[in-house]
Amino acid sequence: MPKFSAGVLLYRTVEGTVEVLIGHPGGPFWARKDDGAWSIPKGEYESGEDPWAAAQREFAEELGCGVPDGPRIAFEPVKQSSAKVLTVFAVGADLDVTDAHSNTFTLEWPKGSGRLQEFPEVDRVAWFPVAQARRKLLKGQVTLLDLLMTHLPGLGEGDAGQPG
């Protein structure tokens, strides 16, 4: 039985360039990784649960706020290499992420030490032009950017500059 995951790909347009909001995973395993490590806000849900409701819940857990109102595009589910089925909703809206904060998880760290430490699920979030997000995102999520851009004809991906 496959696992199911749902998420929100928040996007905005700044001077004709599409930017997306993505997050960097927290914890010691990801601390020194950047390119290829970021993710859209997402998480698992149970079979029979509404994917949109799950995507909104996961967004709130990882950013500390609700999904802003805006036009919503429901992408067809994408099967990832892990066999997980990912359902993503692109939402066109701006969001100030200055005060974004994530829920936390507990992990024995260092491994084998017997010491439990708490880490944020997402340690930072940022807006990136699509061109730069292609490098930042986990490999299995880059296709989401392609899907988004097919729904936004005439808009550019931007250059590989700094996050906005």
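How much accessible surface does the chain have, and what percentage of this surface belongs to carbon and sulfur atoms? In the predicted model examined here, the accessible surface of the chain comes to about 8600 Å². Carbon and sulfur atoms account for 52% of that area.

The secondary structure consists of three helices and nine strands. Along the sequence, these elements are arranged in the order β-β-β-α-β-β-β-β-β-β-α-α. The radius of gyration is 16 Å, close to the value of 15 Å that the globule rule gives for 164 residues, and the chain is therefore as compact as a globular protein of that length.

Within the chain, 44% of the 164 residues are buried. The contacts between residues at least 6 apart in sequence were also considered, and 68% of them join residues that are at least 24 apart.

Pro 110 lies in the loop between strand E7, formed by residues 104-108, and strand E8, formed by residues 116-120.

A positive phi was computed for Glu 15, at about 50°, although this residue is not a glycine. Glu 15 is located in the loop between strand E1 (4-14) and strand E2 (17-25). The relative accessibility of Glu 15 is 82%, and because the cut-off for an exposed residue is over 50%, Glu 15 counts as exposed.

Ala 83 likewise is a residue other than glycine with a positive phi, here near 75°. The position of Ala 83 is in the loop between strand E5 (78-79) and strand E6 (85-92). Its relative accessibility is 34%. Since buried means under 20% and exposed means over 50%, with partly exposed in between, Ala 83 counts as partly exposed.

Key. Residues are numbered from 1 along each chain as its sequence is written. This is a predicted model: local features need pLDDT of at least 70, side-chain atom pairs count only at pLDDT 80 or more; totals for chains, interfaces and linings use all residues. Side-chain values use heavy atoms; hydrogens and water are left out. Helices (H or I, at least four residues) and strands (E, at least two) are DSSP runs, numbered from the N terminus. The radius of gyration is taken over C-alpha atoms; the globule rule is 2.2 Å times the number of residues to the power 0.38. Buried means under 20% relative accessible area, exposed over 50%, partly exposed in between (1.4 Å probe, protein chains only). Contact means heavy atoms within 4.5 Å. Accessible areas come from the Shrake-Rupley method with a 1.4 Å probe; for residues, only the protein chains shown count as cover.
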